[in-house]
Structure formats: C-alpha cells, structure tokens
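Visitor: I have a structure on my screen and I would like to learn how to read it. Where do we begin?

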Amino acid sequence: MSEEQQDFVQSLVSELRRGTITISVLSQLMSPKYGYALVESLEEKGIPIEPGTLYPLLRRLEKQELLTSEWETTGAKPRKYYVLSENGKKIYRRMCDEWKAMTESLNKLINENA
Amino acid sequence: MMDNRKNGKDLIERYLYAVTKRLPKEQRDDIEKELSSLIEDMLADKTAGGEPSQSDVEAVLLELGKPAELAAKYRGTKNYLIGPDYFGLYMMVLKIVLAAVAGGMTIALTIGFAAGARDDIFASIGGYFSTVISALFQAFGWVTVIFAVMQKYNAKIDKEDTDWNPNELPEVPQEKARIKKSEPIAGIVFTVLAMLLFNAVPEVFGIHWFGEVHSYIPVFDLTVFRSMLPLINVVFALSIVKEIFRLIIEKYNLKLAVIITTINIISLLITLYVFASPAIWNADFITQIQAVQGFEMPADFDLAYHWSRVPWYFGCIAVFGFVVETLTMFVKGIRYNLGK
C-alpha cells in the first residue's frame with residue numbers, strides 16, 4: 001500500500017474508533033476511577049485514548065448525567081473519580097445491545113464477500 | 001536539578017493558564033485542578049516516580065496537545081468569527097463593496113480634483129493611492145464587523161432551535177416574492193458610492209457656477225458636516241446591512257419587513273437629527289449666492305424663505321421615504337405570502 005493509502009486508511013480507522021470511545025469509557029466505570037487510571041486500563045486492554053481527548057469527554061458525560069464525579073482528597077494527590085450514574089448504567093446497557101446488533105449486521109455484510 | 005524542576009513547574013503553570021483562560025470562569029478551577037493532577041500522574045509514569053526533568057514536562061505537555069485545542073475540546077463548540085454558513089455571502093458582499101469602493105473613489109476623487117482647487121497633479125496622484133488604500137481597509141473592516149455581529153447573533157438562535165420539521169419548511173416563494181440578487185447588489189454599490197462622495201468630496205454638494213470665474217457655493221456648512229460624518233456613515237452602514245438581509249432572506253416576507261423597518265427607524269432618527277436641523281446647512285448660502293456675478297434672483301421666488309425651510313423639506317422627504325418603504329415591505333411581505 002502506498003503511503004497515501006495508508007494515511008487514508010488511518011483516518012478512516014480513527015473515525016471508526018471515535019464512535020466507540022464513549023462506550024469503551026462507560027464500560028470501565030462500573031466502579032469509580034480517576035481519569036489517568038482509565039487511560040492506563042484502556043490502553044492495557046488495547047483501546048488507547050489520549051488524555052487530551054478523555055478528560056474533556058469525561059466532563060461532557062458528567063454534564064449529560066451519565067457519570068457522577070467526586071474529588072478524592074485523602075490520597076497523596078487530589079483526584080477526581082468518575083463513576084456511572086443509574087442513568088448512565090441504563091444507557092450503557094442499551095449501547096451494548098446496539099453495538100452487538102451493529103457488529104452482527106456488519107459481520108454479515110462483510111462475510112458476504114469473504 | 002533544582003533549576004530544572006523549577007522551570008518544569010513554571011511550564012506546567014503556563015500551560016494550565018493557557019488552557020483555562022479559554023474556558024468559562026465557573027469551570028476554570030475544577031479543570032485546572034484535574035489537569036494538574038493528570039500532569040503529575042503522567043510525569044510520575046514517565047519517570048517511574050523519580051524527579052521529572054524539564055524535558056519530561058515538555059514531552060507530557062506536547063502529548064496533551066496545543067492549549068487552544070485542548071480548551072476547544074472542553075468547550076465542545078467551535079468559535080467562528082464568520083462561520084461556513086455565512087462565508088460565501090461574506091465573500092460576495094466583500095467583493096462588491098471593495099470593487100465599488102475602488103471604482104467609486106476613482107470617480108469621486110476625479111470629480112473632486114476637477115471641481116476643487118487645482119493642486120499639484122503628482123501630489124493628487126499620491127494622495128489618491130493613500131486615500132483609496134485606507135478606504136479599502138475601512139471597507140474591509142466594516143463588512144467584516146457587520147458579518148461577525150450577524151454570526152454571533154445567529155449562532156445563538158441556532159443553538160436554541162435545533163430540531164426542524166419538514167412541514168415547517170418555507171414554501172417556495174411565488175415568482176413575484178423573490179428578490180433578485182441584482183437589486184441588493186445594486187443597492188450596496190449605490191450606497192458605497194454615496195458614502196464615498198460624502199466622505200471624500202463633500203464639496204460636490206453645492207452650486208457650481210461656471211460664469212466668467214468658477215464660483216462655488218456649498219450647500220452644507222462643511223465644519224458641521226465633517227463633525228456629523230460618523231453619524232452619516234452609520235446610516236450608510238445600516239443601509240448596507242439592510243441589503244445583506246435582502247440577500248440572505250431572498251424573498252419578501254413579514255420577517256424581512258420587520259427587520260428592514262427596524263433598521264429604517266434607526267436610520268430615520270439619525271437622518272432627522274443630522275439633516276432636519278439648520279446647523280448642518282450653509283447659513284450664508286443666500287448672501288453667497290447673491291454675490292455671484294451674473295446671478296439674478298427670480299422675482300417671484302422667495303429664495304431666502306425657501307432656503308430657511310430646507311431642513312423642514314428634507315425632514316419631510318426622509319419621513320416620506322421611510323413611510324413608502326415600510327408600506328411597500330409590509331404590503332409585499334403580506335400579499336405574496338397569502339395562501340395560493
């Protein structure tokens with residue numbers, strides 16, 4: 001593949017990835033986590049996300065009432081912990097169903113050509 | 001080592017400031033605290049708990065990205081001076097205005113040169129270029145400001161009203177209700193030309209008597225006229241805004257009628273303030289005209305009386321023009337939008 005094609009593929013992949021960030025983040029917040037711990041755990045599991053993207057996203061999800069947050073000041077450094085709200089859990093479950101249905105349909109589509 | 005650490009701290013502080021100053025006040029403290037603890041975590045990760053060097057700090061900040069971009073992600077909205085919705089129209093109006101200014105300046109200055117005192121021709125040419133260039137910059141500035149204000153105002157409206165209903169799509173306007181682009185464009189060109197005459201060569205407003213000698217009697221008191229110029233220019237600018245609304249809305253309807261009437265009321269008040277009082281008119285007009293050789297006062301026409309009534313006549317004309325345009329706009333706005 002030429003360099004140009006590779007760049008193009010890269011931009012398509014990151015577009016795909018962008019749509020999955022929210023569901024990935026929600027999946028990790030059944031129990032409270034702070035931002036950087038989330039960066040690390042997602043990276044370990046093969047979903048790298050830049051802190052500069054994650055932190056604003058967490059804040060937006062909190063504003064949309066999917067997450068709640070709390071400052072934890074007892075540790076060595078103050079950290080803001082985020083966790084799924086009741087509403088967030090409901091929405092996360094719903095998103096999981098949607099994701100499964102979508103991947104199933106998509107697999108069917110691409111397997112037609114296999 | 002100590003020095004390194006100090007510089008690193010300073011860099012972090014500067015970075016946090018650069019991000020948070022772009023954010024709404026009520027979020028600043030919280031985001032700053034969170035980002036600063038994030039930076040500490042990232043540094044600790046990099047140095048495995050050791051003392052971070054300045055280059056470690058630099059690497060972490062580079063990873064976080066440009067402050068403006070990070071702040072934009074936090075805000076979640078894009079800020080435009082003139083957004084994509086308006087950019088096409090902005091470029092079009094800008095081109096028309098700049099072309100009219102360049103062309104109009106040439107005409108105005110030629111008239112001014114022919115009518116005025118015959119200065120040195122080279123000085124006039126030099127003056128011509130500097131005047132045209134500064135006029136072009138002013139025109140650019142004004143058009144941009146007008147569009148920036150419209151962008152700001154409309155961006156707010158768009159945010160409040162996000163969903164739409166196909167049934168609420170405006171009907172295709174009747175042929176008669178459409179405003180052809182050429183009308184507002186001609187309006188803009190005409191306004192710019194008038195504005196140029198007023199600003200560059202106010203002397204053309206006068207009586208030029210080409211007898212044995214060229215005598216010239218100004219209609220305006222030029223000192224008062226110059227002091228009123230900014231207000232007069234506001235009226236011209238409002239008139240350009242009116243034409244831009246015609247270009248945007250593209251058809252006669254009630255909304256356009258209301259907008260144009262609102263602008264016209266402001267213009268009318270300013271016009272009356274400036275021209276319907278005697279101060280701006282040349283008080284010595286009568287004595288000056290009588291002094292002109294070869295001029296004979298018509299016997300049955302009381303020029304002095306009528307000259308004293310000019311502010312009043314002018315006010316009447318302005319009010320008449322206002323009433324006619326308002327009625328036209330509302331009549332067309334209503335009649336062309338009744339059901340078929």
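Guide: We will go from the interface to the aromatic rings, and end with one serine. Keep in mind that this is a predicted model.

Visitor: What is the area buried between chain A and chain B?

Guide: First the general idea. Interface size is often quoted as the accessible area that is lost when the parts come together. Here the area buried between chain A and chain B is about 1600 Å². Carbon and sulfur atoms give 54% of that area. Three residues of chain A stand out: A:Y55, A:R59 and A:W71 supply 35% of the area that chain A buries against chain B, more than any other three residues.

Visitor: How many salt bridges are there between chain A and chain B?

Guide: The count is 5 salt bridges. Look for the salt bridge between the side chains of A:R79 and B:D41, at 2.4 Å from N to O. Polar contacts are counted too: 11 residue pairs across the interface of chain A and chain B, with both residues at pLDDT 80 or more.

Visitor: Now the rings. How many aromatic pairs does the structure hold?

Guide: There are 17 aromatic pairs over all chains. Take B:F198 and B:F225. Their ring centres are 5.8 Å apart and their planes are at 25°, so this pair is stacked. B:F198 sits in helix α7 (residues 182-200) of chain B and B:F225 in helix α8 (residues 222-249) of chain B, so the pair ties together parts 27 residues apart in sequence.

Visitor: Are B:F198 and B:F225 buried or exposed?

Guide: B:F198 counts as buried, at 14% relative accessibility. B:F225 is buried as well, at 0% relative accessible area. Ring pairs also link B:F198 and B:F225 into a cluster, with B:W281 and B:W307 among its other members.

Visitor: And the serine: where is A:S24 found?

Guide: A:S24 is in helix α1 (residues 3-27) of chain A. With a relative accessible area of 12%, A:S24 is buried, because the cut-off is under 20%. Leaving aside neighbours within four places in sequence, A:S24 is in contact with A:L42 and A:I47.

Terms used
Residues numbered from 1 in each chain as written. Chains lettered and ligands numbered in written order. Predicted model: local features only at pLDDT ≥ 70, side-chain atom pairs only at ≥ 80, totals over all residues. Heavy atoms only, no water. Buried area = accessible area lost by both parts, 1.4 Å probe. Salt bridge = Lys/Arg side-chain N within 4 Å of Asp/Glu carboxyl O. Polar contact = N/O pair within 3.5 Å; in protein donor to acceptor, adjacent residues only side chain to side chain. Phe/Tyr/Trp six-rings, centres within 6.5 Å; stacked < 30°, edge-to-face > 60°. Helix = DSSP H or I, 4+ residues; strand = E, 2+ residues; numbered from the N terminus. Buried < 20%, exposed > 50% of the residue type's maximum accessible area, 1.4 Å probe, protein only. Contact = heavy atoms within 4.5 Å.
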